[in-house]
Amino acid sequence: MKTKVKEIKQGTCILTEKPFVHVLKAKYRKERCDNCFASGKVLKCSGCDYVYYCNRNCQTEAWSLHKIECPFLKKISPRIVPDAARILARIILKLQKGGDLEKGYYTETCFRKFRDLMSHYHEIRTDPKRVEHLESLSMVLRDLLGDQLMPNFTELQGIYGRLVVNGFNILDGEMNSIGTGLYLGISVVDHSCTPNAVATFEGTTLFVRAIKDLPSLDWSQIFISYVDLMQTPDDRRAELKANYYFLCTCSRCIDPEESEKMEAAACPSTNCDQPIFLRENEDGQSCGKCGTRVPGKFIEEFHEVTNFTKMQLASMKDVASDLDVCKICFSKQKNILHRMNLWHTKTLDLAFESSIEMGKWQDARSFGQLLLPGFRKYNGDFNPLYGLLCLKMGKIELYLEHVKEAREYLLEASKILRVTHGENHSLYKTQLIPLLMQTSN
């Protein structure tokens, strides 16, 4: 008699894992706990005067590794250690204390050790940027650890490769990167631009949840996205090739029409909402819905506006000026880029976040309403970023005293975050539920 294979339902947590090593970003070291990453009142370690902890329990939990690095951090004070150098140092120190025996389980019986992680040794040694980065880190590590504890360059390159290919940005509840972690078990999970699972964090603990129903717990058929999905196939593939040394062959990347769909033009007829997929070196194109011809001048303007938008998005850094530049982009994009065009969507995203930063809530509301359809299209129905966008829109509507609209957004956020984060996650319990309760009257 065959054993029935257990199906995995959407929202099921299929992996929970603590980091092999983790490092808080240096810019947060005086405001977040170095062990659990919690924000709030923190007290510095009296030994090194470098790291801070939220309480005695966290300090005790971190002590097995920190007691080794503590004198090294004190030695180079008041210099700030680059994040990449500090996590490399922690890996080196941990491996020398038996960390190579630590197991990261992804099933009850299957696990990975540090040495099982892909190092891409040959690719990294021929990658000029990575070689230059490692050489600069090597100099910092030598100052920090001294010659006696430093591995030889070949071994260091293997450690570095395992870190850069398998490391994770640890995110807070707002999906901001606050640190870096290396996890062993999740290294079994491959990438897809159409993922069926998602990785989220509570503190430094990593959770992998199914965002679609799965026929079984088959790790060869479970995928997360390694990159921002709101990019063209060419940009996603270039990023994956540069950082992870493979070319993605998922359905979204190999579809020859995907880029055309993402970079659609508006129909020249303002009465028609049909996207126009402009093709290189193809004259006489017309709208497939209303038949309006696309003139050559329109095509030239489309490419000019697209290139202008790309250039502006790549150069924006200041919040106040970002919003002004976004508005200039919108004026150029009007009736040229389709409302679901990727570059228009990315402009809306930046304008939305800039408006929030500046406290311009009406602007944020307007941009958010326009952003939602494109954001959902490119990120997917059950993506943490889309859930967070709905949560932000709920907060904005509630602030503006639009209770009915706020509740609709918050219920949508609840539907998504219950799957991506789970009902026990602090984002769901301490942020979303109280807001929903405010709209329940």
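Buried means under 20% relative accessible area, exposed over 50%, and partly exposed in between, with a 1.4 Å probe and protein chains only. The model is predicted, so local features need pLDDT of at least 70 and side-chain atom pairs count only at pLDDT 80 or more, while totals for chains, interfaces and linings use all residues. Residues are numbered from 1 along each chain as its sequence is written, and side-chain values use heavy atoms, with hydrogens and water left out.

**View 1. F201 in strand β10.** F201 lies in strand β10. Helices (H or I, at least four residues) and strands (E, at least two) are DSSP runs, numbered from the N terminus. F201 counts as buried because its relative accessibility is 6%. Contact means heavy atoms within 4.5 Å. Leaving aside neighbours within four places in sequence, F201 is in contact with F168, N169, I170, L171, Y183, L206 and H425. F201 and D172 are 29 residues apart in sequence, and their C-alpha atoms are 7.0 Å apart in space.

**View 2. The sheet that contains β10.** Three strands in the order β1-β11-β10 form an open sheet with antiparallel pairing. β1 (13–17) and β10 are at the edges, each with a single partner strand, so one side of each has no neighbour in the sheet. From one strand to the next, the twist averages 20 degrees. Axes are lines fitted to C-alpha atoms, for helices over the stretch in contact, and angles run from 0 to 180 degrees between N-to-C directions. Two strands pair if DSSP finds at least two bridges between them. Four bridges link β1 and β11 in the antiparallel sense, and T16 stands opposite F207 in β11.

View 3. β2 and β8 (residues 177–182) run antiparallel and are joined by four bridges. The bridge partner of V23 is T180 in β8.

View 4. The expected span of a helix is 1.5 Å times one less than its number of residues. Helix α14 (residues 403–420) has 18 residues and should therefore span 26 Å, which agrees with the 25 Å between its end C-alpha atoms. Among its buried residues are A406, Y409, L410, A413 and L417. The buried residues of α14 pack against β10 (197–202), β11 (205–210), α12 (361–379), α13 (384–399) and α15 (426–438). After α14 comes G422, with a positive phi near 90 degrees.

**View 5. The nonpolar cores.** A nonpolar core is a set of buried Ala, Val, Leu, Ile, Met, Phe, Trp, Tyr and Cys residues joined through side-chain atoms within 4.5 Å. The largest such core has 66 residues, and those with the most contacts inside it are F168, I186, W219, F352, L391 and L432. α13 gives the most to this core, with eight residues. Not counting residues up to four places away in sequence, L391 touches L410, A413, L417, L427, Q431, L432 and L435. A second, separate core of 55 residues includes A26, V140, M150 and L156.

**View 6. Cysteines without disulfides.** A disulfide is a pair of cysteine sulfur atoms within 2.5 Å. How many disulfides does the structure hold? The structure holds zero disulfides. The closest cysteine sulfur to that of C36 is in C58, 3.7 Å away, which is too far for a bond. C36 counts as partly exposed, at 23% relative accessibility. C48 is also in no disulfide, and its nearest cysteine sulfur, that of C45, is 3.8 Å away. C48 counts as buried, at 2% relative accessibility.

**View 7. Backbone exceptions in loops.** Most residues other than glycine have a negative phi, and most peptide bonds are trans. The peptide bond from S77 to P78 is cis, with omega near 10 degrees. P78 is in the loop between α1 (56–76) and α2. H120, which is not a glycine, has a positive phi of about 45 degrees. H120 lies in the loop between β6 (111–112) and α3 (121–125).
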